[in-house]
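Please read this short report alongside the chain.

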Amino acid sequence: MKDFNLRKYLAENKLLKEELRDVEDILVKAGFRFDDGLLGGVGSGGAGYYDFTNDKIYGYNQEGPWNEEEFNKFYDNFKFNSNFYTREEMEEDLEIDTSIILDGLDDGIYAVGDEGYVEIRSDGDIEIYAIPQLSDEEGREILPAFKMDAMGRAIHNTVKTKWEKY
């Protein structure tokens, strides 16, 4: 594991964009705002939506100790946290221009930057998924822990041994 170069891995951008098109610009143009994370209100990338689980694994405020049993439950049974929006809710309550999204994208799953995914459904509803991310101790390097395939399945983006390093 000491030969793993996170900076190079991130620079090569093999994580999300090779498999799923990034459509963040289309969602922002339609009216979504991701200034406060993909799911809103909990920091960058929705990582805060995994804080409770993180506390179970590492202890409150990362004080430890490492709880391997809790980690294995999280890793082996992972599900994305998400926000679901109906077409009507987007248009009437959120003032999202759904025509920009629906004219620009077919039904399917797309990347939203390096922080998550969006699923465009045939009825115009969408669901935005945040992914948990790993960071080095200084918080400078970020590694998405999971990715999503075109069918919506969570794919482990790292092996378990990489987690202990971060």
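## About the model

This is a predicted model, in which local features need pLDDT of at least 70 and side-chain atom pairs count only at pLDDT 80 or more, while totals for chains, interfaces and linings use all residues. Residues are numbered from 1 along each chain as its sequence is written, and side-chain values use heavy atoms, leaving out hydrogens and water.

## Confidence

pLDDT is the predictor's confidence in each residue, from 0 to 100. The chain averages 74. A score of at least 70 is reached by 66% of the residues. Helix 5 (residues 87-92) has the highest confidence, at 95. Helix 1 (residues 6-11) has the lowest, at a mean of 46.

Residues 4-18 do so, with 32 contacts (heavy atoms within 4.5 Å) beyond four places in sequence. Where pLDDT is low, the predicted coordinates should not be read in detail.

## Overall make-up

The chain has seven helices and eight strands. These are DSSP runs, numbered from the N terminus: helices are H or I, at least four residues, and strands are E, at least two. Of the 166 residues, 41% are buried. Buried means under 20% relative accessible area, with a 1.4 Å probe and protein chains only.

Residues 24 or more positions apart account for 59% of them.

## Helix 4

Helix 4 spans residues 68-76. Its buried residues are Glu70, Phe71, Phe74 and Tyr75. Seen down the helix axis, they fall within an arc of 130°, so they line one face of helix 4. The arc is that of the directions from the axis to the C-beta atoms.

Terms used. Buried means under 20% relative accessible area, exposed over 50%, partly exposed in between (1.4 Å probe, protein chains only).
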